[in-house]
Amino acid sequence: MAVNLSGAVTNKINHLQNEKIVIETKNLNFYYTPEKAALKNINIQIPEKKVTAFIGPSGCGKSTLLRTFNRMNDLILGTSLNGEVLIDGNNIFHPEVHLEDLRKKVGMVFQKSNPFPMSIKENVIFGPQVNGESKQSVLDGILESALVQADLWREVKDRLNESALDLSGGQQQRLCIARALANKPDIILMDEPASALDPISTGKIEETIEELRNNYTVVIVTHNMQQAARVSDYTAFMMMGELIEFNDTNTLFTTPNKPLTEEYITGRFG
Amino acid sequence: MRQPIKNYFKKGDPYILLTTLGLILSLGMVAWLILIILVKGLGIFWPSDLVKLDLKNDKVYMGELWNSTFEKTGDGSGKFKKVAKTQLKIGNRDVYGFDFTWVEDSLIRNKNYPEYATVFERVEYGNLYGFIKSVNIIDNKIESDNDTIFYKCRNTLSYANELKDTSDYLNTEYNDLLAPLNDIQRKISLLKMNEGYLSTKDKRKLEDLQYEEKKVKEEIEPKEILLNEKLNKNRNKLAKLYLLVETADGQQIKLPFENIVKFYQPNRMNVFEKGLQYIGSLWEFVSGDPRESNTEGGVFPAIFGTVMMVILMSIFVVPFGVLAAIYLNEYAKQGPLTRIIRLSVNNLAGVPSIVYGIFGLGFFIYVLGSSIDQFLFADKLPEPTMGTGGILWASLTLALLTLPVVVVATEEGILAVPRANKEGALALGSTKWQMIRRIVLPNAMPGILTGLILAISRGAGEVAPLMITGVVKLAPNLPFDTSFPFFHFDRKFMHLGFHIYDVGFQSPNVEAAIPMVYSTALLLIVVVVLLNLLAIYLRTRLKNKYKSASF
């Protein structure tokens, strides 16, 4: 059933033909345990400088897929993978790829905000520092621009040396976005960035994403369909480890091709 | 009727009661222990009154009341009666041969507290109790009323102390003067030991040395004579300062001022004066050198040795323990092998400490120390420099002993670091080592310090492994002084724990040493608590800095 559903999904997206593709997976299969595939034969093309959302019920593999893009799944023992993930046309699982360079290029924001137990400033410049930048003037410039882009500069500019743990939950999450931006990545992966936040904080995060779309490729996982509809240009619907449908957001939410997609977005399951 | 009882057990009331009793019992025992040590350890420094007892058998004793008891005695007919007895510290070991005596209370005819009874703390032979008869200051015998003579004594004592300081100073000067000559002579005697087998080169060396010896001798001689003269003059002066003391039973004792540490007349001191005296004695105990095979005087070298050893141990054990824990948790592939290693590390904590001591002796001293001697101190062989017990080897042995504690505590600290933080750091492009250094280590620091606290508690109180790796009864020098290179890791050292054992069980004069055992035990507890407080303070500061993320 799975194979015939996901047959040639990508070919049907007419809009993508005008886009430059940054991330592309080819026949990607992923296993947490050898017996059961968490991702089954995923083929997806993610366009540059657009917001792409992954939606789907819990356990459908959307986070797993996201985490293959910066190889975070490598940290989990016993996982295996086949197929290809190309970023800018290069297979990121090629043995010569430097993991650190990949992760610098592909930033990530996690579901639960994870500021380090350091000052706000140290948090933001952590990435540039570990990647070899030590000039104070450069770091200060990065600090300000990253915080401005994450819409946090106004709130924290007077207490950059205070502990990041004293910020509110929403501020902490925007700090994590700033921290990812400080590395000047091309791609930002967001794994349900607003799921632990109140509506106001969520709104602010969405505004931030809105501003990021001009300069970055954003891939966001969410189980809030309204959010996907609000912030994304393209939406992929996944289920049981398969990519069911991938289309521009308007089309997917108004005239889905697949009955499963329609059932999901109208709330009949999930 | 049965239902309430069943409910009673179901609710667990009796078990709650048991837990409470258990807690009270443990706390009570700890409190009791501390109370005994506090009372016995601190009480000894109080200048107690001197009592003079006239006995019915015409004996007279004077001294400090020490103890009293009832003794059951039988006369052979099967009847027993209780006899009250009092123990008196009568001092004057050189006169009576013993410091303590028991007196049957029924024999006491008269008991009084003579106003001018004097306690002399002496460098040798313990305390002297008696009355000052006369003061002799350089052929000048002074007899006067009690008050005048007391002050005369006080002044003479400080004069004698000045003379002693001069003597010490002259002695060091003398030793420094002779040091180069001694060095040459030692080299000559080494060469002479195998005189028949010397190579021509060595023979030439011997001749050179002998020539040099002659030259240095000539050079030094006039200065040596001068110094000797000065020393003799000083010594003669000191010898002419002495007291005549009459004991309670009328014997006259000649007491050189050189031999007096301090003296006082407790029976006419008020509480305030006694308090000052008490503080002085306490300070002397903490800061002074031991006398009379450790049963008197201070324990400063032991405090110093204990603290320095614990600090050295911490310096060794923390880096090793932390590195081992990091490797086990972050780098090693988790599997049966790491499980076995972890289990073994945990079991190491249960190995008896004497086993570590023997390992320290066999490996550190005989293998490492001897090799170092062969490479670096070959000219001093066969006398070992590093190939014998010393503070370095003792600290290393204790570091080994406390390693498991630090490893386990650090592992717990590392496990408590949120996975989200580690992933966050890696997602920013940091390498694994950068992640460990900047995220894991700072967050695990409270755990590491907990390990350090446990290590200090365990290490500071260990005695057995130290006895064979470098602790001695009496060390001539501290392991740290002003002569280059300041830290002398090869030196043997004193330790409070060993001091307790030595004074309490190895000393020739056990009864006189008992108070010292309590005071030293108290001091050891205080030192351990202070070291722990230091580590706890550090941990609290770090915990405030790295309090866990929550909202």
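Modeller: Of the 551 residues of chain B, 29% count as buried. Keep in mind that this is a predicted model.

Biologist: Why is chain B called more spread out than a compact globule?

Modeller: The globule rule gives 24 Å for 551 residues, and the radius of gyration of chain B is 32 Å, well over that value, so chain B is more spread out than a compact globule. Along the principal axes, its C-alpha atoms fill a box of roughly 105 × 90 × 55 Å.

Biologist: And what is chain B built from?

Modeller: Chain B holds 15 helices and 13 strands. The domain assignment divides chain B into domain 1 (46-139 + 242-283), domain 2 (146-239) and domain 3 (309-495). Between the C-alpha centres of domain 1 and domain 3 of chain B there are 50 Å.

Biologist: How many residues does each chain bring to the contact?

Modeller: Chain A brings 23 residues and chain B brings 17 residues. On the chain A side, helix H3 (99-105), helix H5 (126-130) and helix H8 (169-181) each supply at least two residues.

Biologist: What classes of residue make up that side of chain A?

Modeller: The side of chain A that touches chain B has 10 nonpolar, eight polar and five charged residues.

Definitions and conventions
Residues numbered from 1 in each chain as written. Chains lettered and ligands numbered in written order. Predicted model: local features only at pLDDT ≥ 70, side-chain atom pairs only at ≥ 80, totals over all residues. Contact = placed C-beta atoms within 7 Å. Helix = DSSP H or I, 4+ residues; strand = E, 2+ residues; numbered from the N terminus. Nonpolar A, V, L, I, M, F, W, Y, C, P; charged D, E, K, R; others polar. Domains from an automatic or database assignment. Rg over C-alpha atoms; globule rule 2.2 N^0.38 Å. Buried ≥ 20, exposed ≤ 12 C-beta atoms within 10 Å, placed from the backbone.
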